[in-house]
Amino acid sequence: DDITKYDDETCEKYQDYMQKFKWMHASFIWTTIQTLHRISSNYDYIDNNISIIDIACGDGIALRMISDHINYYNINSLGIDISSSQIDIANKLRKIL
């Protein structure tokens, strides 16, 4: 089996999981956003350019949420995932949103 390609059933289960537990995922992301705000407000030498790498990004929801909520920074983001199926989903969502 190719572990980098999820079948349709696995992708569907993942999407169901994300819907059920998105509050928990959103809480983690919100903590990350607040931390970035605190760091930037406490240090004058930090400019408005931020690079974020999300390893095991799945469908890229974390990067999209961070980019949506921190709009006063120039964010350069990169998502990496072993699953080509998850990368396909991330690319489709990126084009839609």
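**Close-up views of a predicted model**

**View 1. Ser 83 occupies the loop between strand E2 (74–80) and helix H3 (84–96).** Helices (H or I, at least four residues) and strands (E, at least two) are DSSP runs, numbered from the N terminus. Ser 83 has a relative accessible area of 0% and is therefore buried (under 20% relative accessible area; exposed is over 50%, partly exposed in between; 1.4 Å probe, protein chains only). A polar atom of the Ser 83 side chain lies 3.1 Å from the backbone nitrogen of Gln 86. The model is predicted: local features need pLDDT of at least 70 and side-chain atom pairs pLDDT 80 or more, whereas totals for chains, interfaces and linings use all residues. Residues are numbered from 1 along each chain as its sequence is written, and side-chain values use heavy atoms, without hydrogens and water.

**View 2. Nine residues form the largest nonpolar core.** A nonpolar core is a set of buried Ala, Val, Leu, Ile, Met, Phe, Trp, Tyr and Cys residues joined through side-chain atoms within 4.5 Å. The members are Ile 29, Ile 33, Ile 50, Ile 52, Ala 62, Leu 63, Ile 66, Ile 70 and Tyr 73. Helix H1 (8–42), strand E1 (49–55) and helix H2 (61–69) each give two or more residues to this core, and H2 supplies the largest share, three residues.

**View 3. Ile 50 touches Tyr 73, Asn 74, Ile 75 and Asn 76.** Contact means heavy atoms within 4.5 Å; residues up to four places away in sequence are not counted.

**View 4. Ile 55 lies in strand E1.** Ile 55 counts as exposed because its relative accessibility is 63%.

Notes. Polar contact = N/O pair within 3.5 Å; in protein donor to acceptor, adjacent residues only side chain to side chain.
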